[in-house]
Amino acid sequence: MKRILGIESSCDETAAAIVDSGGALLSSVVASQVATHGKYGGVVPELASREHLRSIVPVVRGALEQARLTWSGIDAVAVTAGPGLVGSLLVGLTFAKAVCAVRGLPLIGVNHLDGHVHAVLLDARASGGQIELPAVALVASGGHTHLFEVSERMKYRLLGKTRDDAAGEAYDKVAKLLGFGYPGGPVLDLLAPYGEAAAVRLPFSKMKGNPLDFSFSGLKTAVLRWAPSRDLDGEIVARRALRRLHPHPSVEQWLEVTPQTTLDALAAFQQVVVEELLRRVEAAVAETAARSVIISGGVASNAGLRAAAHSGRLSCPAFFPPPRLSTDNAAMIAAAAIPRLERGEFDDLDLKARANLALA
Ligand code: KG4
Ligand code: ZN
């Protein structure tokens, strides 16, 4: 059995993990930068690179310690080569190359989106299950909203992607606007069930051209228009104060500072996002020979999306990653490298970081 060290630094998480070629997860360490970017309501690229530089060495060391291994127990290094923030990608990539040069290990550059899909495959493998291919895969996070067809040989064909904001970005922007802080997805998801979606009308996107493309900027603008028509200043101040006092407020604490009309808007927002995503997944399944649906990326943690995908409306089973593998991590990067290690497909040490690295 061979072991792969995975390294991920494409956005605001510095992560390292070790998996073996049988798909067993031996360790996974994630250093989140949420505390750094939280006060700005989104990821600040310069700060992200600096934090990666600070974290990369202890995070990798942590992954080795957690797996009770030394470098001699590692057979290959897998690292995210893109897409992502170039300054962030470079930290992980440079570290990986240095380790490979010094220890004579093969380097495997991984596409971050392929990693997100492998988070789901890794979990299925660990629980003894098998996801049948071809599949339709939706990767929805703070940076991406991409829909792919995945062939039996794990080849990707892009079916559609967002033309403006990513789904997670829409959550983050609406949360910022309403004083819920960053990241927005988890809080809005937590509060949406307390609202009445039908009480606030928010629009669906109108797409010209590829009907499997996504658009979330109109929805964000609609929430922006809804907000000034109410007097939200008081509640926004109260929510900001709550966040200053408690880094992770409970649902009861949030409900104390969030009136029913705002909860209704959150429910309506979540319903539209879930529908926008699932309708395209449904259409993609109908258009392809898909035998499974794979939903991954930070937004895959969304309880509303999970419930809707498991409600029986999809004609094939839907698979999600477990929560710890749905946001950025390095286990998924190492997992995506297993077939490459088996085929002996390695990268040269001049591998470049690419902000817009395409998968299909
Ligand atoms: O995959 P990820 O960790 O990083 C990127 O590659 O972007 O995804 C983070 C994104 C954030 O935009 C966050 O708001 C969103 O995923 N997110 C959620 C939920 N949990 C995280 N969005 C909706 N519902 C959630 N429960
Ligand atoms: Zn991601």
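Buried denotes a relative accessible area under 20%, exposed one over 50%, and partly exposed the range in between, with a 1.4 Å probe and protein chains only. The structure is a predicted model, in which local features need pLDDT of at least 70, side-chain atom pairs count only at pLDDT 80 or more, and totals for chains, interfaces and linings use all residues. Residues are numbered from 1 along each chain as its sequence is written, chains are lettered from A and ligands numbered from 1 in the order in which they are written, and side-chain values use heavy atoms, leaving out hydrogens and water.

**Exercise 1.** Determine how Lys173 and Asp165 are paired, and classify the exposure of each.

*Solution.* Step 1: a salt bridge requires a side-chain nitrogen of Lys or Arg within 4 Å of a carboxyl oxygen of Asp or Glu. Step 2: the closest N and O atoms of Lys173 and Asp165 are 3.1 Å apart, and the two form a salt bridge. Step 3: Lys173 has 32% relative accessibility and therefore counts as partly exposed. Step 4: Asp165, at 6%, is buried.

**Exercise 2.** Characterise the interface of domain 1 and domain 2.

*Solution.* Step 1: the domain assignment, automatic or from a database, gives domain 1 (3-117 + 326-343) and domain 2 (133-290). Step 2: contact, meaning heavy atoms within 4.5 Å, takes 14 residues from domain 1 and 10 residues from domain 2. Step 3: the buried area, the accessible area (1.4 Å probe) that two parts lose on being put together, summed over both, is about 980 Å², with 71% from carbon and sulfur atoms. Step 4: in domain 1, Gly41, Leu113 and Val117 lose the most area to domain 2, together 45% of what that side buries. Step 5: zero salt bridges are found across this interface.
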